[in-house]
Amino acid sequence: MLPVDELKAVRARVTECLGLAASHLSRDIPEIPVLFNLTGKSGGMFRYRKDKETGRCYDLQFRFNRILARENLSEYLDQICPHEVAHYVTHLVWGQRSIRTGPNGPRLWLRCSRSRPTDVTNWTHRDR
């Protein structure tokens, strides 16, 4: 059996999830950088910065924990990647309005996160 390149697999899964969301919503969803610079207990995160003066978002990126990805690649591909992509898609569709319903509240988030058989409905961000 050949060794799996976990980082390529995570990047490919993110791209796949973005494609699923784009086809589901019939709209373009731009790819953003996928980084592996997250440490600690957190498995992944969608992050962006916001300009205080203009309110525009910039520096959008996915951050993943390289060590945790290597320890359990199947969980990353089945749950973590769709979860973080769903946050990004929710941000694109609702923007700041998604904050009112919480990061895991909108139906779109749930629909996106279920693009592959996985149960993330009971997750909190502390569970990861």
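The model is predicted, and residue numbers count from 1 along each chain.

Helix H3 itself covers residues 73–94. Its 22 residues should span 32 Å at 1.5 Å a residue. The end C-alpha atoms are 30 Å apart, which agrees with that expectation. H3 is bent, though: the angle is about 35° at Ile80.

Now to another helix. Glu6 belongs to H1, which runs over residues 6–25. Is Glu6 buried or exposed? Glu6 counts as buried, because its relative accessibility is 17% and the cut-off for buried is under 20%. Its side chain makes a polar contact with the side chain of Arg70, at 3.5 Å. Leaving aside neighbours within four places in sequence, Glu6 is in contact with Ala69, Arg70 and Leu73.

The cysteines come next. A disulfide is a covalent bond between the sulfur atoms of two cysteines. How many disulfides does a search of the whole structure find? The search finds 0. For Cys17, the closest cysteine sulfur is in Cys81, 6.3 Å away. That is too far for a bond, because a disulfide needs the two sulfur atoms within 2.5 Å.

| Residue | Relative accessible area | Class |
|---|---|---|
| Glu6 | 17% | buried |
| Cys17 | 3% | buried |
| Cys57 | 30% | partly exposed |

Note on methods. This is a predicted model: local features need pLDDT of at least 70, side-chain atom pairs count only at pLDDT 80 or more; totals for chains, interfaces and linings use all residues. Side-chain values use heavy atoms; hydrogens and water are left out. Helices (H or I, at least four residues) and strands (E, at least two) are DSSP runs, numbered from the N terminus. Buried means under 20% relative accessible area, exposed over 50%, partly exposed in between (1.4 Å probe, protein chains only). A polar contact is a pair of N or O atoms within 3.5 Å; within protein, one must be able to donate a hydrogen and the other to accept it, and residues adjacent in sequence count only if both atoms are side-chain atoms. Contact means heavy atoms within 4.5 Å. The expected span of a helix is 1.5 Å times one less than its number of residues. The bend at a residue is the angle between axes fitted to the seven residues ending there and the seven starting there.
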